[in-house]
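Dear colleague,

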Amino acid sequence: MDFLNALIALLNFVVIPAASYGAQLAIGALGVTLIFGILRFSNFAWGDTMAFGTTVVILMTWWFQSLGISIAPLPTALLALPFGIVATSALLLGTDTAVYKFYRKQKAKPIILVIVSAGVMFVMNGVVRIIIGTEEQNFADGGRFLISAGDFKAMTGLAEGLAIKGSTAITLVTALVTMAALFWFLQNTRTGKSMRAFSDNEDLALLSGINPDRVVQVTWVIAAILATIAGTLYGLDKSFRPFVYYQLLLPIFAAAVVGGLGSPLGAVAGGFIVAFSEVFLTYAWKKVVTYIVPEAWAPENLLQLLSTDYKFAVSFSILILVLLFMPNGIFGKRGS
């Protein structure tokens with residue numbers, strides 16, 4: 001029995017990947033819950049908003065690379081990130097002016113806005129595919145590993161090597177900074193307090209002199225920042241393909257619902273809950289178990305509950321269970 005190698009294998013194949021994926025889902029879920037809390041509808045175009053922001057980042061990254069501009073060992077995409085944010089902000093503000101504003105003035109029911117957002121989703125999806133195509137795009141450069149499995153084995157003498165990708169470290173650090181900045185903004189700035197007041201009681205906020213148009217505009221800009229960061233981090237960590245970002249809508253919504261729609265803290269918690277659930281249920285546990293049981297008890301099969309092809313089924317199951325038994329989520333307001 002070798003518990004140390006089992007621990008390294010667990011960290012390498014489960015904990016670290018799940019933490020990185022959870023951070024990406026958490027940032028995405030923050031955008032979904034922010035739009036729901038302030039604009040009062042579930043934005044089905046969110047996955048394709050992430051795809052659009054990432055597309056702009058990829059195009060700018062390729063342009064910088066062609067000019068020989070880089071920030072090695074960090075990925076060039078971080079240099080292109082502000083351009084993606086500006087473009088996505090312009091897209092969302094333009095979409096709000098052209099589409100959503102009309103329905104807000106009509107005081108349309110939330111379900112109408114959900115249906116409208118589905119239409120926007122198809123348009124955005126088509127635009128992204130026209131711009132960058134449907135094939136997988138890999139735009140990561142710079143240092144690949146902070147610690148490679150080979151170096152770790154050489155340092156420790158263990159059979160298992162711990163590998164920490166540079167994209168994983170960037171994801172976790174960026175996610176921490178982004179979440180901290182958003183929570184600070186909402187709690188300590190005048191605009192953030194106005195947004196919270198508008199979310200809690202729109203009529204009272206209007207009577208207090210809060211400008212609703214400004215609140216809406218700031219909400220879309222923050223949403224653009226979150227969408228672009230989440231999409232870029234996911235693309236750096238894995239790869240970019242428009243259809244995959246469309247599929248990400250399910251785990252992101254599951255994360256937001258698990259935490260409680262409208263709750264930023266819940267969105268963060270939900271992101272990690274969904275990510276760890278997906279990874280735990282789709283990981284083949286044979287290697288870890290083999291290290292911790294006697295040789296005679298070593299399993300012959302993979303000990304995999306679900307194939308990785310079904311990871312989104314885990315998100316869907318979590319979403320259904322939460323809606324059935326805890327519809328307000330972990331941090332959601334009761335009776336909302």
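Leaving aside its neighbours within four places in sequence, Trp 220 is in contact (heavy atoms within 4.5 Å) with Ile 35, Leu 39, Phe 41, Asn 43, Leu 92, Leu 93, Asp 96 and Tyr 100. This is a predicted model, in which local features need pLDDT of at least 70 and side-chain atom pairs count only at pLDDT 80 or more, while totals for chains, interfaces and linings use all residues. Residues are numbered from 1 along each chain as its sequence is written, and side-chain values use heavy atoms, with hydrogens and water left out.

Trp 220 and Trp 46 touch the most other members of the largest nonpolar core, which has 81 residues; such a core is a set of buried Ala, Val, Leu, Ile, Met, Phe, Trp, Tyr and Cys residues joined through side-chain atoms within 4.5 Å, and buried means under 20% relative accessible area with a 1.4 Å probe, protein chains only. Helix 9 (residues 212-237) gives the most to this core, with 14 residues, where helices are DSSP runs of H or I with at least four residues, numbered from the N terminus. Apart from this core lies another, of nine residues, including Ala 6 and Trp 285.

Helix 2 (residues 46-66) has 16 of its 21 residues buried, so it is largely enclosed by the rest of the structure. After helix 2 comes Gly 68, with a positive phi near 80°.

Across the protein, 48% of the 336 residues count as buried, and the C-alpha atoms fill a box of roughly 70 × 55 × 35 Å along the principal axes.

Best wishes

Key. Buried < 20%, exposed > 50% of the residue type's maximum accessible area, 1.4 Å probe, protein only. Helix = DSSP H or I, 4+ residues; strand = E, 2+ residues; numbered from the N terminus.
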